[in-house]
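Please look over the sequence and the structure shown below before reading on. The briefing that follows is grouped by topic.

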Amino acid sequence: MQVIKYPERKAWEEICKRPVLDISSLEISVNNVLDEIRENGAKALKHYTSQFDKVSIDNPEVSSLEIEEAIALIPRDLKDAMLQAKQNIEKFHARQLEQTEIIETMPGVRCWRKSLPIEKVGLYIPGGTAPLFSTLLMLGIPAMLAGCKEVIVCSPPNNEEKLHPAILYAASLTGITRVFKAGGVQAIGAMAFGTTAIPKVYKIFGPGNQYVTCAKQLVQKYGVAIDMPAGPSEVAVFADATANPVFVAADLLSQAEHGADSQVLLVCSSEQLIEKVIQELSRQIKDLTRGAFASKALENSKIVLVKDEQQAIELLNEYAAEHLILSCKDAEQLSEKVVNAGSVFLGHYSPESVGDYASGTNHTLPTNGYARTYSGVSVDSFVKKVTFQQLTKEGLKNIGPTVEILAAAEGLDAHKNSVSLRLREIMANG
């Protein structure tokens with residue numbers, strides 16, 4: 001990791017940059033695949049699955065028998081752990097359901113807003129280098145709580161033309177029955193445009209590499225919504241002299257192991273702690289099965305020494321991390337100054353991994369600085385808010401003259417007339 005000591009403010013923009021592929025070549029490659037899927041449907045889907053996943057699949061939909069066989073393969077302790085995670089996620093997200101409240105803005109004028117489920121949603125579950133079955137819980141549970149009528153899942157198959165058993169078990173836990181063996185850009189295209197094998201959806205959810213993220217952004221041109229530009233995972237940690245270097249190193253590696261294009265950032269107010277964290281990183285990485293991924297990610301990562309926690313929090317707000325860990329004294333008090341982050345973890349005993357799996361909060365979060373403007377996935381992500389209004393005759397008499405004046409001032413006579421004609425009818429009939 002690159003160590004930067006006491007950087008000037010003008011250097012912060014460079015510090016906050018994420019590792020990215022060449023955007024121009026990336027978009028060309030992704031667009032080519034999407035165009036093929038849009039024009040040739042299932043045929044193109046099969047072709048790209050063969051090219052990228054090295055398997056030939058005629059029917060990508062997972063059968064009920066495959067799901068039953070997969071469930072039988074899951075060990076009891078993993079089933080229990082996944083069930084506990086489901087219960088916590090469900091408990092947290094269920095409280096996000098809103099009751100409709102009718103507001104009378106003036107006598108006879110009633111307005112309200114109602115949450116209605118998005119009818120058709122598609123969940124993308126990464127499964128290439130790591131089968132992220134936890135992501136299926138994070139997306140499937142709020143989708144079902146929201147009441148979405150059709151929920152489908154796409155995930156890349158392994159070289160045996162199968163999905164990881166835990167992904168299928170997670171689907172069964174959430175009540176999702178339609179799961180497809182399709183990954184990468186071709187899966188995003190299939191859900192966006194629809195094929196004879198995979199139905200079209202209205203909104204696509206789920207994280208992925210830069211190709212998947214690019215595909216999600218591009219399909220928006222065709223009227224398909226997405227949750228957010230959720231790309232390669234990242235974590236930022238603020239650590240002061242009270243932090244445990246063993247814990248800090250473990251937190252950095254927990255995100256670095258996601259993939260070579262992940263990034264971690266350590267902002268520290270103690271030079272001595274930095275030295276200890278670097279030593280711990282070297283020691284712990286040797287024992288990781290995904291140490292090669294973590295090592296590559298650390299090459300793209302930085303450690304920044306700052307003079308105090310105020311400067312640290314200003315830099316971290318500029319960075320706008322997907323995950324932010326405050327491993328410091330008075331973490332809860334410092335958290336009041338956080339304005340840009342996907343999810344925040346307070347204190348020395350709140351590892352980011354807990355949020356990734358089972359605390360109850362959602363781990364599908366904005367990356368690449370999008371935490372400045374996007375929220376993480378919630379029940380709200382699976383609904384749209386529709387407003388309603390109802391006026392009585394009294395209500396129209398009360399508000400009508402105001403609307404007539406406003407419409408006339410904008411020169412919109414038809415708008416004015418739609419009110420004026422009704423007011424005349426009311427006055428004529430008493």
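**Briefing: cores, a buried helix and charges**

The largest nonpolar core has 39 residues, and those with the most contacts inside it are Val121, Leu123, Leu136 and Phe382. A nonpolar core is here a set of buried Ala, Val, Leu, Ile, Met, Phe, Trp, Tyr and Cys residues joined through side-chain atoms within 4.5 Å, and buried means under 20% relative accessible area, exposed over 50% and partly exposed in between, with a 1.4 Å probe and protein chains only. This is a predicted model, in which local features need pLDDT of at least 70 and side-chain atom pairs count only at pLDDT 80 or more, while totals for chains, interfaces and linings use all residues. Residues are numbered from 1 along each chain as its sequence is written, and side-chain values use heavy atoms, with hydrogens and water left out.

**The nonpolar cores**

- If residues up to four places away in sequence are not counted, Phe382 touches Leu116, Pro117, Ile118, Val121, Leu123, Leu139, Pro142, Ala143, Ala146, Cys148, Phe205 and Val377, a contact being heavy atoms within 4.5 Å.

**The chain as a whole**

- The chain has 16 helices and 14 strands, and its C-alpha trace spans about 90 × 60 × 45 Å along its principal axes.
- Buried residues make up 49% of the 430 residues in the chain.
- Among contacts between residues at least 6 apart in sequence, 75% join residues that are at least 24 apart.
- The accessible surface of the chain comes to about 20900 Å², of which 51% belongs to carbon and sulfur atoms; such areas come from the Shrake-Rupley method with a 1.4 Å probe, and for residues only the protein chains shown count as cover.

- Just after α7, Gly194 takes a positive phi of about 80°.

- Lys203, which has its place in strand β7, is buried yet has no salt bridge, and the nearest side chain of opposite charge, that of Asp227, is 7.2 Å away.
- Leaving aside neighbours within four places in sequence, the residues in contact with Lys203 include Ile118, Lys120, Val121, Asp227 and Ser381.
- Pro156 lies in the loop between β5 and α6, and with a relative accessible area of 11% Pro156 is buried.

**Charges and salt bridges**

- Side chains of opposite charge can pair when their charged atoms come close.
- The structure holds 18 salt bridges, a salt bridge being a side-chain nitrogen of Lys or Arg within 4 Å of a carboxyl oxygen of Asp or Glu.
- In helix α4, Lys86 and Glu90 lie 4 residues apart, about one turn of the helix, and their side chains meet in a salt bridge (3.2 Å, N to O).
- Lys86 counts as buried at 14% relative accessibility, whereas Glu90 is partly exposed, with a relative accessible area of 29%.
- In helix α2, Asp35 and Arg38 lie 3 residues apart, about one turn of the helix, and their side chains meet in a salt bridge (3.3 Å, N to O).
- Asp35 counts as partly exposed at 26% relative accessibility, and Arg38 counts as partly exposed at 39%.
- Glu98, Arg113, Asp380 and Lys385 are linked in a network of salt bridges.

Technical notes:
Helix = DSSP H or I, 4+ residues; strand = E, 2+ residues; numbered from the N terminus. Lys, Arg positive; Asp, Glu negative; His and termini not counted.
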